Amino acid sequence: MINRSFTLIWVSQALSDVASEMTSLALPLAVLAATRSAVDAALVATVVGIAQLLAKLPSGLIADTYNRKALMLLCDAGRAAVALLLACALATGNLTTIVAVASAATIALFSSVFGPAESGVLRQAVPLERRREAITRNIVRSNIAIAVGPPLGGLLLAVGAPMAFVADGCSYLLSLVLVTRVAYRHIPRPRAASRTGTGTGKGAGAAAASPLRSTATELTLGFGWVFRRSGLVVLVVFAAYVNLLGRSIELLAAFGVSHDGAHPVSAGLVLTAAGVGGIAGGLCAGWILKRLKPTTIVAAASVAWLLMMPCASTGDELTSAVAVGLVVFSLPSVGSLVGLTISVEAPTHLQGRVGGAVTLLAISIAWAGPGLTGFLIAGQGPLTASVVLAAPMVVPLIVLAASPRLRAAVRKIGTVAAPDPEPSSADAGDTGDGADGAPGAAPVEEDVMAHAYASADDAGGTPSPSPAAAARTRLDELPDALGPFTMLALGLGRARPLP
């Protein structure tokens, strides 16, 4: 592993992620068994999705404002308590829909805060030259949990209804113990950060003096940072539509090969092909990211969707399976590019809000995919529906070909990063303990991070030259420390650009 702090977090969250995926299946099934109502069981998953969506921006602001390690400990303690209460409710026969929904929503809220807090701690713990490796290993962690968790949840639910939730609660308690050993030094938010997140001056200092004084402004700082970078905007808009298509292509292919539901086994072949495509894409993602420019990745993915969407709707099993596998092949590379950009380019004091903003934008239209696909299939048939859905993928190709300014902006995405300077001793906070937890041992950030992107030029929102620019490091010079196992795991769970 990269270092002691990263290992502690990775191991603790690998266990927690697996347990969380277990209960994501076990809780609806438990509600179904207790209430005999499929509507109540579905309500649990719906509430979780709504809670996570509503918590995205506030959780980013909270993580950017308060001690991130303390937030991680608080969230682990809260999630453990709720999971164990659910186990008790099941064991005593007192599980109701209200209890299940309230518990699921509470855990989802705690998890929404934990995510950006963890990202900030990892940014401090992991040296710049190993950040790509850290991101890919976290993708490994998430996708292994997606692949392993639900089957384990079903198995434990069959053994004994409370067992999955006992395991979930214990995983959070173990995570809490391990996180206490993580080296972390809390750095107060930069006083010079403006209401836009990048400026300086008297007005900026006054705005940052009371970080929660204007909640609406604070919540939207991440959007402001994103929208000032035209290359990142292009990438996020692309990811948003790819997320919509990801929800659509499997439905198109499954509808075609099953012949209106008459052959459901054939539809399963499509899902298998998608899994194979994700694994293959994961195996090649390291090579792709290291050797191809972001513009080339976006253009290649656009062409793949344009060509393969109609093929997926032909109704032929082999053709549809190959088409789905090929488009899913592109997703790990796009997803890693988005995650890497946030990790290395977003200022430390905006990490949570930038991540929340990008995630919200990327999933903003995904919900419309299944409904739009069903409407088009019913009205015009699968082939026409696939052409209509794939047609907008021509836009990225036209934009990249016609606009040198945007092409240059996209090409710079994820290629430069500002270093994390050491803070003054007065800023020292919680340092944790252990071998790499001694005072001053962990990489930390200073207020100067607020100025790394102090201005943007008129050419498309890329940062103007600044004193920090001379210290930036091109990521294509970083070592590609991705082994075969890492890249294999990247494909598990058929990861979308922003899982």
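In which helix is the place of Ala216?

1. Ala216 has its place in helix α8 (residues 215–219); helices (H or I, at least four residues) and strands (E, at least two) are DSSP runs, numbered from the N terminus. The model is a predicted one, in which local features need pLDDT of at least 70 and side-chain atom pairs count only at pLDDT 80 or more, while totals for chains, interfaces and linings use all residues. Residues are numbered from 1 along each chain as its sequence is written, and side-chain values use heavy atoms, with hydrogens and water left out.

2. Ala216 counts as exposed, at 56% relative accessibility. Here buried means under 20% relative accessible area, exposed over 50%, and partly exposed in between (1.4 Å probe, protein chains only). The C-alpha atoms of Ala216 and Leu57 are separated by 10.0 Å, although the two are 159 residues apart along the chain.

3. The protein as a whole has 20 helices and zero strands. Of its 499 residues, 52% count as buried. Among contacts (heavy atoms within 4.5 Å) with a separation of 6 or more, 84% are between residues 24 or more positions apart.

4. The largest nonpolar core has 46 residues, of which Leu245, Trp305, Met309, Val354 and Leu389 touch the most other members. Such a core is a set of buried Ala, Val, Leu, Ile, Met, Phe, Trp, Tyr and Cys residues joined through side-chain atoms within 4.5 Å. Helix α10 (residues 230–257) supplies the largest share of this core, 11 residues. Apart from it lies another core, of 22 residues, including Leu27, Val44, Val47 and Leu95.

5. Helix α12 (residues 294–312) can be checked for its length. The expected span of a helix is 1.5 Å times one less than its number of residues. The 19 residues of α12 should therefore span 27 Å, and its end C-alpha atoms are 26 Å apart, which agrees. Among the buried residues of α12 are Ala301, Trp305 and Met309.

6. Ser330 lies in the loop between α13 (317–329) and α14 (331–345). Ser330 is buried, with a relative accessible area of 12%. Leaving aside neighbours within four places in sequence, Ser330 is in contact with Ala301 and Trp305.

7. Three salt bridges are present, each being a side-chain nitrogen of Lys or Arg within 4 Å of a carboxyl oxygen of Asp or Glu. One joins Asp76 and Arg79 (2.7 Å, N to O). Both residues lie in helix α3, three residues apart, about one turn of the helix, and both are buried. Elsewhere, salt bridges that share partners join Asp64, Arg68 and Arg353 into one network.

8. Arg353 is buried, with a relative accessible area of 0%; Asp64 is buried at 4%, and Arg68 is buried at 6%.

9. Val159, in helix α5, is exposed, with a relative accessible area of 63%.
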